[in-house]
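Visitor: I'm new here, and I'd like someone to walk me through what I'm looking at. Could we take it one question at a time?

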Amino acid sequence: MDAQNKEVDALVQKITGLHAAIAKLPSLSPCPAVDALFTDLVTACVPPSVDVSELGPEAQAMREGLIRLCSEAEGKLEAHYSDMLAVFDNPLDHLGVFPYYSNYINLSKEYELLSRYVPGGIAPARVAFIGSGTLPFISYVLAARHLPDTVFDNYDLCGAANARASRLPRADRDVGARMSFHTADVADLTDVLATYDVVFLAALVGMAAEDKAKVIAHLGAHMADGAAIVVRSAHGARGFLYPIVDPQDIGRGFEVLAVLSHPDDDVVNSVIIAQKTNDVHEYGLGNGRGGRYARGTVPVVSPPCRFGEMVADVTQKREEFANAELAF
């Protein structure tokens, strides 16, 4: 136990140092210094299994600040590459220039889980993505590769993000015709939520636990019975990068079906698949148990992406991206 505590303390100290270095950067826009620090941060956060809920107040405050810095840096990274992609005749043919594109290809396999775990399968006619940002890769990839008849509505608070994102599918008549972008707060969406078969909730929508809970409760109050929700989360030390959502905290109105796995290995992303249900008594949702499964027994399935692949992509392409940036 002492050895484990020392390991956790050493990790927190390392991440605290990285947080301090990142906070001192004059800008979080992509550049070698920013790339290097965030690569070190992700490398530190992926392998260990740490319950961040057990950290003290000082470490929790640092974690919350770090998540916000990660959010800002991610936004700047995506805006940078969205602008780069926009100069191509058909931007969707060049999505691979983004350093984490392979991550999103793997994450797009979430649709397989929907058909596997949602009772009766699911062939969505309409999909909403909440918190889509400047590069809604999941919408692009699902529309182009997996769901050829589905309409995608992308929602983001930032009008500038939507303006950037809407440029990219313009040359693809099929995808472009099925993709819309809306500037709105999810709290202001009510009746329209009942029109979607699937709602994706981005990891950085509701960065504080109480804010995330409010968003999920709002979705639960307005989504149609039988519709599915896909909630992005994190596990262990990855909780220094993204907010963590416990499957048990999905709340009233949803039956948790599966977690796209987050065991103690190099899996970066975890995803919770749940279904809206009004039958709160059958599965215990009325008393806050979050579904038919007891804590720790929700099915955990194969990991969507590997950290090693992600870092290899970044390392291999960094020079290529720098040259591409100069070209544009």
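Visitor: Which are the buried residues of α6?
Guide: First, a word on the ground rules: this is a predicted model, where local features need pLDDT of at least 70, side-chain atom pairs count only at pLDDT 80 or more, and totals for chains, interfaces and linings use all residues. Residues are numbered from 1 along each chain as its sequence is written, and side-chain values use heavy atoms, with hydrogens and water left out. Helix α6 covers residues 137-146, and seven of its ten residues are buried (under 20% relative accessible area; exposed is over 50%, partly exposed in between, with a 1.4 Å probe and protein chains only). The buried ones are F137, I138, S139, Y140, V141, L142 and A143.

Visitor: How many helices and strands are there in the chain?
Guide: Both kinds are read as DSSP runs, numbered from the N terminus: helices are H or I with at least four residues, strands are E with at least two. Counted that way, the chain has ten helices and eight strands.

Visitor: What percentage of the contacts between residues at least 6 apart join residues at least 24 apart?
Guide: A contact means heavy atoms within 4.5 Å. Take the contacts in the chain between residues at least 6 apart in sequence; the share joining residues at least 24 apart is 78%.

Visitor: Is N154 buried or exposed?
Guide: N154 sits in strand β2, residues 151-156. Leaving aside neighbours within four places in sequence, N154 is in contact with F129, S132, P136, S139, N162, M179, S180, F181 and H182. Its relative accessibility is 0%, so N154 counts as buried.

Visitor: And which residues does H19 touch?
Guide: H19 lies in helix α1, residues 2-23. At 18% relative accessibility, H19 counts as buried. Not counting residues up to four places away in sequence, H19 touches M62, G65, L66 and L69.

Visitor: How far apart are the end C-alpha atoms of α9?
Guide: Helix α9 runs over residues 209-222, which is 14 residues. The expected span is 1.5 Å times one less than the number of residues. That rule gives 20 Å for α9, which agrees with the distance between its end C-alpha atoms, 20 Å.

Visitor: What covers the buried residues of α9?
Guide: The residues in question are K212, V215, I216, H218, L219 and G220, which are buried in α9. Their cover includes the strands β4 (198-201), β5 (228-233), β6 (254-260) and β7 (270-276).

Visitor: Which helices hold R167 and D83?
Guide: The side chains of R167 and D83 meet in a salt bridge, 2.7 Å from N to O (a side-chain nitrogen of Lys or Arg within 4 Å of a carboxyl oxygen of Asp or Glu). The pair links distant parts of the chain, 84 residues apart: R167 is in helix α7 (residues 159-167) and D83 in helix α3 (residues 57-86).

Visitor: Is D153 buried or exposed?
Guide: D153 and R126 meet through their side chains in a salt bridge, 2.9 Å from N to O. This pair also links distant parts of the chain, with D153 in strand β2 and R126 in strand β1 (residues 126-130), 27 residues apart. R126 is partly exposed, with a relative accessible area of 28%. D153 has a relative accessible area of 5%, so D153 is buried.

Visitor: What is the relative accessible area of D174?
Guide: D174 meets R178 in a side-chain salt bridge, 2.9 Å from N to O. R178 is buried, with a relative accessible area of 9%. D174 is partly exposed, and its value is 41%.

Visitor: How many disulfides does a search of the whole structure find?
Guide: A disulfide is a pair of cysteine sulfur atoms within 2.5 Å. C31 is partly exposed, with a relative accessible area of 31%, and C158 counts as partly exposed at 35% relative accessibility. The number of disulfides found in the whole structure is zero.

Visitor: Where is the pLDDT below 50?
Guide: pLDDT is the predictor's confidence in each residue, from 0 to 100. The chain's mean is 81, and 78% of its residues reach 70 or more. One stretch below 50 has 23 contacts in the model beyond near neighbours in sequence: residues 262-267. Another, with 48 such contacts, is residues 302-328.
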